[in-house]
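Q: Could we go through this structure together? I would like to begin with helix packing.

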Amino acid sequence: MSQNQAQSGGGAAAIPVSEVFWGLASKADKKFSKIRDIPYYQRARYDAYFRKVFKVYTHLWKFQQESRQKLVEAGLKRWEIGDIASRIGQLYFGHYMRTSEASYLSECYIFYDAILTREYFKDSLHQDVNLAIKQLRLLSRFLTVSLLLNRRQMVYQLVNLLKVLLDECRITFQETDFKEWKLVVQDVVRFLKVDTAFMNHRPLRYSIVLDLHPDSIPQVTCAKRKLRLRDALLCSYHPDEVKFSEFSIDTFRMLQTIEWEPSGYFYQVNIPSPAEPASSGLGQNGVLGSSRVSQDMTDPTLPPNPRKVVLSQPSVTHLLAVLGTTCEELPADGILLIYLSAPGFNVNCSSSPSHDENSRCRSVDDSECGAGSCLRIGSHRQAGMNQIYPSDILPFTRRPLFLIIDSDNSKSFMAMSGSEKGERVALLLSPAASIVYDRSFFTSFLASPLQSFILLLGLNGSNVEQDCYGKSEKLIQSSLAECGSLLASREDDLDPVWADVLTDPFLMRLVLRFVLCRAVLFQYSDKAEFQPACVPSLPEVVSPRSDFCVRMVTELLKSLNAGETKDVF
C-alpha cells in the first residue's frame, strides 16, 4: 500500500502511515526469518521465494523513503531504518552466494556503505547492548563483502572501526561477555596477514583485460563437446586454518579464481594502493560513498559466473547431500568443479581416538591409494563422519567432474581413475609436501602464480621493482597463452578428458597455471613428494622436463633478475 492509499478514504477509514509501515515491516520480518535458514544450495527450489522477499523489502524501503518525515514524527528511530537497510544488504549477499552474480555483491556493498556513512546506529550505540551487537554484526558482514570485492582501503577502515567499537562496548556494557567478538577481530587480522595487498596486486578473478579474452582462447581441435563450468563446490578444513566468516583463505582464493572480474573492460590496471586516500563522490543508486563503487560497475558483456557452494568443516553426509543436489541441477553442457583442501588421513596409520589432531598421514605411494586413504574434513573426534574417501565421489561421476585436491594425501584420489560411473574425471592434485611455510602453496599458485613464485624465491612485493614485476606478469601471460596453443593443437596425444575441459576459460586457466606450477616445483626438486600430479596425463610437450617448460621457468627467473635456475633452486 502506498502513502496515498494510506491517506485516502478520509475520516475513520484512513489508515495511519505508521500503521501501514509497521504492517509492512512485520510482514517483511517474517519472510526474512524464513529465508535466513534456507541453505545456499537447492537454488532452483527457492528462487521464486527469494523474489517475493525482495519485493516485500523493496516496497518497505520505498515506503519509508516516501513517508520518512511522518514516520519519524510517529516515533521511527534511525537505527530502525538502518536495520531495514542491513537486512536488504543481507538479502543481496545471500543471493550472491546462491547465484554468484556480481551485481548482487555490489548492491550489498552499496547498502552497507550507506548505513556506515549515514551513521544509522551511532545515536543508539550506548543505549542498548543488542543495538551495539547489531552494529558489530554489520561491520563483520561489511568486512566480508569488502574482502570479496577487494576493496582494501575499506577493509582496513572497517577493521579499525570494529576494534574501536568493540573497546567502547566492553567499557559501556561491562556485564556482557564480548569474547566472541574479540575472536572475530583476531580472525580478520590473521586473515589479512596472509591475504596481503601484494597477493592482490592484480585481481584473482578472471580479467578480460589481463587474461586471455574468452573469444581468443585457442580452439581445441579434438574436443568432442564444449563443456562449461556451471557449478563449483568449495570445501576446506584444516586445524587452526586461516579463515574469516564462512571463508577459509583457500576457499576465498578459489572462489575468486572462478569468477569474472566484475568491471570487465572498465577495470583500471593501476588501482590505488591501500595507503592512498579515496575520493568521495556520489556512487551508484545515488548513495554517498567511495567513488570506487561507480568505477567498478558490472560489465554487461561478461558471461554469468559459475554458481558456487562454499562449505567449511561440513560432515561428509552434508557434503554428499550438497554434491547430489548440485549434480541434479547441473545443466546438460555443464561440468562441476569440486575443490577439497584438507589434511590426509589413513585409517591404517592409527585407530586410536587419541590420534593427534595436527598429525599427517603421508600416503603418496601408489600402493597406499586404497580404501584406507582419505581426507579429514572435520575434527578427528567424529571419526568416520568427517572422513571423505575417493570412493565417496565415484557415484557423482555420472556427470562431468573437475577435481582439485590440495592435501598431503591428494594422490589417493588417483584411485578414482578407471572406476568412474559414466564420465571420466579430470584431477589436479597437490604435492604431498610443501616446499614453503605456506601449507596451501598449491592453491595459492593456482590463484596468484606470479606472487606465489616470487614468495617461493624468498622475495616479497617490497624488494621487486615495479618494472620487473610488470615484465614478469606479461611473460607469464604470453607463456600461458603459448602453452594453451600447444595443448589445443595436440590432436594425437591430448586425452579427450582434457580436450573437453580446455574449452572453458576458467578451467583452461587453472590447467595452464598447473603446468607452470609443476614446472617450477620440478626445477626446485624432482622428488616425488614435491611434485603435483594430474589425471589423466597431459601431453609430454608440457611435461616439466620439456624444453618449453624449462625455458618458461628460466625466462621467468631472468625477468625478476633472480639468476639462473641452477643458482636459484
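Q: Which residues in H16 meet which residues in H19?
A: This is a predicted model, in which local features need pLDDT of at least 70, side-chain atom pairs count only at pLDDT 80 or more, and totals for chains, interfaces and linings use all residues. Residues are numbered from 1 along each chain as its sequence is written, and side-chain values use heavy atoms, with hydrogens and water left out. Cys-468, Lys-471, Ser-472, Leu-475, Ile-476, Ser-479, Glu-482, Cys-483 and Leu-486 in H16 meet Phe-548, Arg-551, Met-552, Glu-555, Leu-556 and Ser-559 in H19, where contact means heavy atoms within 4.5 Å.

Q: At what angle do H16 and H19 pack?
A: H16 (residues 466–488) and H19 (residues 547–559) pack at about 170 degrees, and their axes are 9 Å apart. H16 is therefore roughly antiparallel to H19 (angles over 145 degrees count as such).

Q: Changing topic, where is Ser-100, and is it buried or exposed?
A: Ser-100 is in the loop between helix H5 (78–99) and helix H6 (102–117). Its relative accessibility is 1%, so Ser-100 counts as buried (buried means under 20% relative accessible area and exposed over 50%, with partly exposed in between, using a 1.4 Å probe and protein chains only).

Q: What is phi of Ser-100?
A: Phi of Ser-100 is near 65 degrees, a positive value in a residue other than glycine.

Q: And what about Asp-240?
A: Asp-240 also is not a glycine and has a positive phi, of about 60 degrees. Asp-240 counts as exposed because its relative accessibility is 64%.

Q: Which residues does a cis peptide bond join?
A: A cis peptide bond joins Val-535 and Pro-536, with omega about -5 degrees.

Definitions and conventions
Axes fitted to C-alpha atoms, helices over the stretch in contact; angles between N-to-C directions. Helix = DSSP H or I, 4+ residues; strand = E, 2+ residues; numbered from the N terminus. Parallel < 35°, antiparallel > 145°, perpendicular 65-115°, else oblique.
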